[in-house]
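Work through each solution step by step with the structure in view.

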Amino acid sequence: MARDYLPLLLQIVVAIIFAASALGVSVLVGRTGKRTRAKDMAYECGMIPQGEVQPRFSVKFYLVAMLFILFDLEIVFMYPWAVVYKEQIAHGSTIFWSMLSFIAILMVGYVYALKKGALNWQK
Amino acid sequence: MQLFLFWCAALLMLVFGVAVILNRNPVASALSLVVSFLGLATLFMMLDAYFIGIIQVLVYAGAVMVLFLFIIMLLDLRAENLRKINWPATAGGAVVAFVFLIQVLSVIGRLTDAKKTFPPLARSTIDDVRNVGVTLFTNFNFPFQVIGVLVLVATIGVVVLSKRELANK
Amino acid sequence: MYSWLILSSLAKIVGILFVVILPMVSYTVYAERRVSAFIQDRPGPNRVGPAGLLQPIADVVKLLIKEDFTPAGVNTFYYWLAPCLAMMPSIITIAVVPFGSTLFDVPMVIADVNIGILWVFAIGSLGVYGIVIGGWASNSKYPFLGGVRSSSQMISYELSLGLAVIPIFMLVGKLRLTDVVRYQIDHGWFIAPFIGDWANPVKWLLAIPMLISFFVFMVAMFAETNRLPFDLPEAEQELAGGYHTEYSSMKFALFFLGEYTAMIAGSAVMVTLFLGGWHFPGIPDGSHGWIFGLTNIVVFFAKVTALLFFFIWVRWTLPRFRYDQLMRLGWLFFFELALVNIFLVAGILACFHV
């Protein structure tokens with residue numbers, strides 16, 4: 001079965017070569033212009049850049065990223081479940097209740113996060 | 001062919017693993033760790049553990065490292081670049097690592113089973129995702145629920161910690 | 001043994017990438033401009049060649065010969081790396097999508113792997129890096145904000161994307177994408193119960209959750225590819241262009257290429273999962289002769305083109321969401337809808353044992 005995966009490796013290699021050569025051709029063919037101070041400046045709609053370059057941003061972004069990891073785990077467990085569901089459900093409903101209780105446990109955390117306003121971006 | 005690919009993936013993993021700790025720039029470290037994970041995923045796939053391999057990419061490279069990158073971006077990178085190396089701490093770390101290496105080597109040296117080569121594993125021709133599913137949902141239903149509780153605790157922890165942050169503002 | 005595999009795969013990869021994807025990307029850009037012009041009642045690009053059909057070629061030449069400029073403030077290595085990282089994932093995901101049946105007994109899929117859909121999601125999730133790194137390396141405010149916004153949006157909608165397809169794999173029982181197409185040939189397309197054995201009432205019942213799945217998946221795909229109504233990362237009025245504000249010439253083109261390739265890859269996955277892949281009622285597969293094999297490929301890309309047109313149509317019809325609305329929609333509405341949908345299918349399967 002590992003043979004099936006060899007073309008994927010080739011695809012990755014081709015993608016890398018393509019990206020590198022596209023940039024390379026552009027370096028070779030592209031014109032070179034003068035560098036000026038204004039040209040080197042960060043673009044802020046024609047104004048002179050001011051303030052900190054990297055503004056602090058809301059802790060919400062981290063919260064979303066962390067919650068994403070946790071719920072991503074749940075989805076990962078759902079794939080093997082989905083694959084075997086049809087043949088296992090013929091032998092009894094254990095598989096249905098197993099996943100339902102797993103999701104119910106996770107939903108407690110989800111509802112808690114909602115109630116605490118973790119996903120409320122309006123504040 | 002197999003052997004060549006193995007060395008490529010292993011080398012990729014080790015080189016970028018070392019790069020994680022040697023890079024002064026945290027973003028470079030995080031990206032090196034991603035490449036190292038990709039090498040690890042390749043190794044898993046070469047062992048016919050396709051599901052684990054792809055989950056390695058999906059969860060670690062695609063989700064956990066994005067969070068790392070987010071956090072790194074909040075740090076003041078210039079301060080991090082200017083910081084001097086703390087030589088006593090570095091030396092201490094090296095000593096601990098060396099002692100650990102000796103310990104692992106001595107344990108493996110005593111273990112006679114470790115000297116034997118593994119019997120070749122039976123090449124599975126069935127879907128490994130299916131195997132994972134059948135095992136998980138017939139024999140390990142209870143541990144599966146425990147994982148759910150673990151994730152629940154983590155969710156609540158995340159919200160509680162960040163709420164404190166939000167309240168401070 | 002390996003040399004034949006490598007040669008045939010290389011032929012498929014190069015064929016798909018350079019004969020299909022790249023022309024498709026450039027003509028999607030052209031179509032976008034023409035369709036938007038039509039919707040807004042103006043001519044659009046119509047000067048280069050008949051009806052402006054050579055416009056994409058002129059654009060490529062222009063992008064190549066533009067000055068390759070790297071601003072002084074940027075982090076040079078990552079500034080160059082970001083466009084490559086933004087473009088590569090979308091090209092790599094296409095490898096597992098079956099774009100035809102067989103042609104001269106060669107299966108028309110680059111890599112027929114048993115984890116099919118997970119490959120699409122895993123590699124797709126790496127697309128975040130290009131955007132985050134691009135925004136960060138530019139060392140400028142707008143790109144930075146655009147990069148952070150974009151990555152937050154992409155990971156939020158990845159959840160709905162992953163959950164939306166679960167019902168399909170509950171029915172098919174395999175993650176391999178060619179098996180999904182084969183299942184649809186035997187049992188009819190997932191969202192079109194009138195194809196195949198239409199007299200089966202359970203199939204009509206299952207079509208309801210399938211339509212919900214399709215809807216959730218499509219909306220999540222709009223958000224993943226940063227298309228309007230979810231194009232917050234590059235909202236011109238707020239961010240001047242988002243994560244690629246500081247980019248020019250070919251590096252900018254690579255960002256664009258990645259975006260449009262992601263659109264094509266997303267449409268291809270959608271066609272494979274919900275719209276029967278290369279199957280069309282009445283047309284046999286490639287084992288009956290090369291002409292049918294070729295027709296299958298044409299059918300597949302015709303479906304993809306139809307979806308691409310839909311993408312463009314939506315972009316020029318709907319207004320943009322606000323960021324808090326976007327996040328609320330993703331985390332509250334679509335996430336819950338997709339979860340309920342899964343248990344709906346689970347219940348139907350448990351009751352009827354189809």
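**Exercise 1.** Determine how helix 1 of chain C and helix 2 of chain C are oriented to each other.

*Solution.* Step 1: the model is predicted, with local features requiring pLDDT of at least 70 and side-chain atom pairs pLDDT 80 or more, while totals for chains, interfaces and linings use all residues. Residues are numbered from 1 along each chain as its sequence is written, and chains are lettered from A and ligands numbered from 1 in the order in which they are written.

Step 1: helices are DSSP runs of H or I with at least four residues, strands are runs of E with at least two, and both are numbered from the N terminus. Helix 1 of chain C covers residues 2-39 and helix 2 of chain C covers residues 55-65.

Step 2: the two helices pack at an angle of about 110°, and their axes are 9 Å apart. Axes are lines fitted to C-alpha atoms, for helices over the stretch in contact, and angles run from 0 to 180 degrees between N-to-C directions.

Step 3: angles under 35 degrees count as roughly parallel, over 145 as roughly antiparallel, 65 to 115 as roughly perpendicular and the rest as oblique. Helix 1 of chain C and helix 2 of chain C are therefore roughly perpendicular.

**Exercise 2.** State which residues make this contact, and classify them.

*Solution.* Step 1: two residues are in contact if their C-beta atoms, placed from the backbone, lie within 7 Å. Helix 1 of chain C contributes C:Ser26, C:Tyr27, C:Val29 and C:Tyr30, and helix 2 of chain C contributes C:Gln55, C:Pro56 and C:Val60.

Step 1: Ala, Val, Leu, Ile, Met, Phe, Trp, Tyr, Cys and Pro count as nonpolar, Asp, Glu, Lys and Arg as charged, and the others, Gly among them, as polar. The contact residues comprise 5 nonpolar, 2 polar and no charged.

**Exercise 3.** Describe the side of chain A that touches chain C.

*Solution.* Step 1: chain A has 4 helices and 0 strands.

Step 1: in the contact, 57 residues of chain A meet 63 residues of chain C. Two or more residues come from each of helix 1 (6-29), helix 3 (60-89) and helix 4 (94-115) of chain A. Helix 1 of chain A gives the most, with 17 residues.

Step 2: this side of chain A divides into 41 nonpolar, 8 polar and 8 charged residues.

**Exercise 4.** Describe the side of chain C that touches chain B.

*Solution.* Step 1: the contact takes 16 residues from chain C and 15 residues from chain B.

Step 1: helix 4 of chain C gives the most to this side, with 5 residues.
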